[in-house]
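Please look over the model shown here, with attention to its strands and its pocket.

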Amino acid sequence: MTGLPSVGLISHGTSSPTGQVLIEVLAAEIATDLRIRGIADEVMLGHVDVQKPDVDEVIARLPADRPVILVPLLLSPGYHVHVDLAEAARRAGESGRDVRRTPTLGPDPRLAEILADRLPPLRDNDEVILAAAGSSDERANESCREMGRLLAAELERPVEVGFLAGGGVALNDLVAESRDRAARPVLANYLLAPGFFDDLARKLVDGGSDSSGVLSPPLLTNGSSGAAVPPRLVDIVRDRVSGGIRERVQPHAYVADMLNA
């Protein structure tokens, strides 16, 4: 095989025009970063649901003479990671392609920093709740709980984790309990972009009064840096790609010594 590896950035997919644009902007910034640094050559955006191209098409359209690194632009590892991406990689492997999958974006301490950046100034009676999409796969839900622990460490205050769907504690129950305690529920929006789940979460805090609650913007929206794409999110993806490149590299001893120097 010759040349730099190719990268398939795989999002969930959304019917939200705003969400689609933001994911495309994220993919473009990642592609620019990887090319400038000489880490990858061709970078292509694909999706596991709703939008095209799908994962099989992404793999088919990327060069066959070099490894393909699939990076899930997903916050937690659920069905789409363990089934859709895994099956696509298996099919490609059976045809002789070198296709490697990386971990999801979360959990990661840098995501906790981004989440904290999007929260409003917190009051003493605020109760922070990580608002996650939720999954039928408990591995994804546990990943979100770990993200809640990372956010709690970042904020140095308790953080509960609520889910909009799937297993785990329902987000609407946590919001209601917080209001019953006369606290203000502050929802840390653990979603990449506006869309169906963001709309569901927003309905929980809409009510007109200050005590009704607050929902922070999704990760791909302007924070204090003013950038729609947080630089730390690009850093996370770059690290995932680099890990995928190293996955099957078995350098000669002198090369390994140079890398470890």
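This is a predicted model: local features need pLDDT of at least 70, side-chain atom pairs count only at pLDDT 80 or more; totals for chains, interfaces and linings use all residues.

Residues are numbered from 1 along each chain as its sequence is written, and side-chain values use heavy atoms, with hydrogens and water left out.

Strand 5 covers residues 126-132, and six of its seven residues are buried, so the rest of the structure largely encloses it. Buried means under 20% relative accessible area, with a 1.4 Å probe and protein chains only. Strands (E, at least two residues) and helices (H or I, at least four) are DSSP runs, numbered from the N terminus.

Strand 5 pairs in the parallel sense with strand 7 (residues 184-189) over six bridges; two strands pair if DSSP finds at least two bridges between them. Val128 stands opposite Val186 of strand 7. Strand 5 also runs parallel to strand 6 (residues 159-163), joined by five bridges, and Leu130 has Val161 of strand 6 as its bridge partner. Between strand 5 and strand 6 the chain passes through helix 5 in a right-handed β-α-β crossover, that is, clockwise from the first strand over the helix to the second with the strands pointing away from the viewer.

The lining of the largest pocket divides into 19 nonpolar residues, 14 polar and one charged (nonpolar: Ala, Val, Leu, Ile, Met, Phe, Trp, Tyr, Cys and Pro; charged: Asp, Glu, Lys and Arg; polar: the others, Gly among them).

Technical notes. Buried means under 20% relative accessible area, exposed over 50%, partly exposed in between (1.4 Å probe, protein chains only).
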